[in-house]
Amino acid sequence: DEYLNTGVKEEEKVEIYTTLSKIYRANAYRIQNVGEKPYDKSIELLNKADEILKSPYIEKELKDRYLPEVYFGLADAYYRRANINLQDKRARDDHLYEAVTYYDQYLIFATATQSILFENRIGDIYRTLGEYDRAAMQYKDIIKKYPTNATAYISLSTMLLIDMKDVKASVEVYKSASVLPDIESNSNFVSLKNKLQNIGGI
């Protein structure tokens with residue numbers, strides 16, 4: 001903090017904040033073991049970076065370079081923070097909703113591969129929150145946009161089977177996924193197939 005208060009350029013401050021936030025997240029386990037809260041610290045640092053980048057005096061090039069990293073970092077930190085706060089459901093849920101907010105902002109900048117991964121994670125978050133209809137809508141939207149990618153098919157079919165107890169609907173989604181290229185080499189699909197076979201669904 002002393003160094004950052006010595007006339008350091010805003011760009012360098014943003015770089016320092018984002019780099020430190022990644023260090024906290026990457027070493028979270030060891031940091032937690034000494035009684036610190038790495039995800040809280042990561043969020044604090046990224047909020048400082050976000051505040052700088054939201055200034056009307058910051059160049060667009062700088063915003064475009066760092067905002068995706070800031071949004072992803074905040075989403076990741078809130079998501080991970082929720083997963084170590086399971087004893088407090090309200091706090092966990094709040095963190096998960098924050099994660100969704102920042103994943104949505106990150107997705108504006110994401111590649112197709114990143115979009116599939118993190119749009120699916122948003123669906124998974126809604127599933128964790130027990131909002132199965134919203135999760136289903138999220139998964140179906142991914143399937144519509146990326147019909148040859150198996151990720152959302154498997155997530156949707158699994159949720160229908162495990163959480164919603166709708167074997168028939170689960171099988172329908174499973175069958176749609178079963179015709180995708182190289183699907184039998186997908187370990188998550190094989191796991192789903194085994195579950196459905198074990199209950200006589202297929």
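Predicted model: local features only at pLDDT ≥ 70, side-chain atom pairs only at ≥ 80, totals over all residues.
Q: What makes up the protein chain, helices or strands?
A: Helices: there are 10 of them and 0 strands. Going along the sequence, the pattern reads α-α-α-α-α-α-α-α-α-α. The C-alpha trace spans about 70 × 40 × 30 Å along its principal axes.

Q: Why is S115 called buried?
A: The relative accessible area of S115 is 6%, and the buried label applies under 20%, so S115 is buried. S115 sits in helix α6, which covers residues 112-128.

Q: What is S115 in contact with, leaving aside its neighbours within four places in sequence?
A: L107, A110, N120 and Y146. To count as a contact, heavy atoms have to be within 4.5 Å.

Q: Which residues make the contact of α6 with α8?
A: From α6, they are I116, N120, D124 and R127. From α8, they are T151, A152, S155, T158, M159 and I162. Sorted by class, the contact has 4 nonpolar, 4 polar and 2 charged residues. N120 turns up here and also in the list of residues touching S115.

Q: Which residues touch the most other members of the largest nonpolar core?
A: L53, L74, Y103, I125 and L156, out of 55 residues in that core. Helix α4 (residues 60-82) contributes the largest share, 10 residues. As a general point, nonpolar side chains in soluble globular proteins tend to be buried together.

Q: What does Y103 touch, not counting residues up to four places away in sequence?
A: F72, A75, D76, Y79, F118, R121, I122 and I125. I125 is another of the core members that touch the most others.

Q: How much of the accessible surface belongs to carbon and sulfur atoms?
A: The accessible surface of the protein chain comes to about 11500 Å², and carbon and sulfur atoms hold 50% of that.

Notes: Residues numbered from 1 in each chain as written. Heavy atoms only, no water. Helix = DSSP H or I, 4+ residues; strand = E, 2+ residues; numbered from the N terminus. Buried < 20%, exposed > 50% of the residue type's maximum accessible area, 1.4 Å probe, protein only. Core = buried A, V, L, I, M, F, W, Y, C linked by side-chain atoms within 4.5 Å. Nonpolar A, V, L, I, M, F, W, Y, C, P; charged D, E, K, R; others polar. Areas by Shrake-Rupley, 256 points an atom, 1.4 Å probe, with all protein chains shown as cover.
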